Amino acid sequence: MAMLHLVNKSPYDACNLNTASTIMKDGDQLLLIEDGVYGAMKNSKAASLLKGLKVAVLGPDLAARGITEDKLLEGIDVIDYGGFVDLVVANDKVQSWL
Amino acid sequence: MSETKKFMYVNRKAPYGTIYAWESLEVVLIGAAFEQDVSLAFLDDGVFQLTKGQNTAGIGMKNFSPTYAALGDYEVNKIYVDRESLEERGLTLDDLQHLVWEDEDEDYAEKDSIRLVTRAEMADVLAEQDVLFNF
């Protein structure tokens, strides 16, 4: 029973990513969107939160913010809106951390 | 008595996720038109406003980041960026737009607008202002 966790807030502005990342179970998927994409950046204070998690990030939100893929942590999937839909379909439930 | 006041706009939010960054930019340009002594501070998530290469085509929002490059033409050339905020977000000065202004007293020499400051220096800059606007 895998769950898709959506985070749309910057990890420096809200505790959403902190809570989501610690509540996720094995097999769960995290998708970072909007200001949540800042959580995927390497050499950052928030980087340690994502260790060992299955993480995807929405490409159009990265591009809007001028964050290129070389700035991201290793092992993160960059997806488009179609990929977003695929994740919603592939998981049993969606938990949106608003 | 001098009519000019020192105005500082304190920017602490990321662009696009909320409207704060864009609203700040609009107010800054209005303030500049009234010939006040304008400074901008970028700290916390506000440093994300200045990243170069922003492309909003995929999210259907207006890319207002080119406007920062026009600030120099409005004599808004004191842009203070908090070093600590940059570093904890995995950013360096190279990740930001190169903002410049032309000094008409020195034959229009091009000078950097961004001043990278420590938290202590930022405190001093804040302390010397007459009016603070927060976004």
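**Figure 1. Overall composition of chain A.** Of the 98 residues in chain A, 44% are buried. The model shown here and in the following views is predicted. Along the principal axes, the C-alpha atoms of chain A occupy a box of roughly 35 × 25 × 25 Å. When contacts in chain A between residues at least 6 apart in sequence are considered, 66% of them join residues at least 24 apart.

**Figure 2. The open parallel sheet of chain A.** Five strands of chain A are arranged in the order β4-β3-β2-β1-β5, with parallel pairing. The edge positions belong to β4 (77–79) and β5 (93–97) of chain A; each has a single partner strand, so one side of each is left without a neighbour in the sheet. On average, neighbouring strands of this sheet are turned by 25° against each other, direction ignored. Strands of a sheet pair through backbone hydrogen bonds. Between strand β1 (residues 3–7) of chain A and β5(A), the parallel pairing extends over five bridges. Within β5(A), Trp97(A) is the residue opposite Val7(A).

**Figure 3. Helices lying across the sheet of chain A.** Helix α1 (residues 16–23) of chain A lies across β1, β2 (29–32) and β5 of chain A, and its direction is at about 165° to β1(A). Helix α3 (residues 81–90) of chain A lies across β1, β2, β3 (54–58), β4 and β5 of chain A. The angle between helix α3 of chain A and β2(A) is about 150°.

**Figure 4. The open parallel sheet of chain B.** In chain B, five strands form an open sheet with the order β6-β3-β2-β1-β7 and parallel pairing. Strands β6 (114–117) and β7 (131–134) of chain B are at the edges, and each has a single partner strand, so one side of each is left without a neighbour in the sheet. Neighbouring strands of this sheet are turned against each other by 25° on average, direction ignored. Strand β1 (residues 6–11) of chain B runs parallel to β7(B) and is joined to it by four bridges. Opposite Tyr9(B) stands Phe133(B), a residue of β7(B).

**Figure 5. Helices on the sheet of chain B.** Helix α1 (residues 20–33) of chain B packs on the sheet and touches β1, β2 and β7 of chain B; the direction of helix α1 makes about 170° with that of β1(B). Helix α3 (residues 119–127) of chain B lies across β1, β2, β3, β6 and β7 of chain B, running at about 145° to β3(B).

**Figure 6. Positive phi at two aspartates in loops of chain B.** Asp44(B) is located in the loop between β2 (37–42) and β3 (79–82) of chain B. Its phi is near 50°, a positive value in a residue other than glycine. Because 19 other C-beta atoms lie within 10 Å, Asp44(B) is partly exposed. Asp107(B), in the loop between β4 (100–103) and β5 (109–112) of chain B, has a positive phi of about 55°, although it is not a glycine. Asp107(B) counts as exposed, because it has 7 C-beta neighbours inside 10 Å.

Key. Residues numbered from 1 in each chain as written. Chains lettered and ligands numbered in written order. Predicted model: local features only at pLDDT ≥ 70, side-chain atom pairs only at ≥ 80, totals over all residues. Buried ≥ 20, exposed ≤ 12 C-beta atoms within 10 Å, placed from the backbone. Pairing = 2+ DSSP bridges. Axes fitted to C-alpha atoms, helices over the stretch in contact; angles between N-to-C directions. Contact = placed C-beta atoms within 7 Å.
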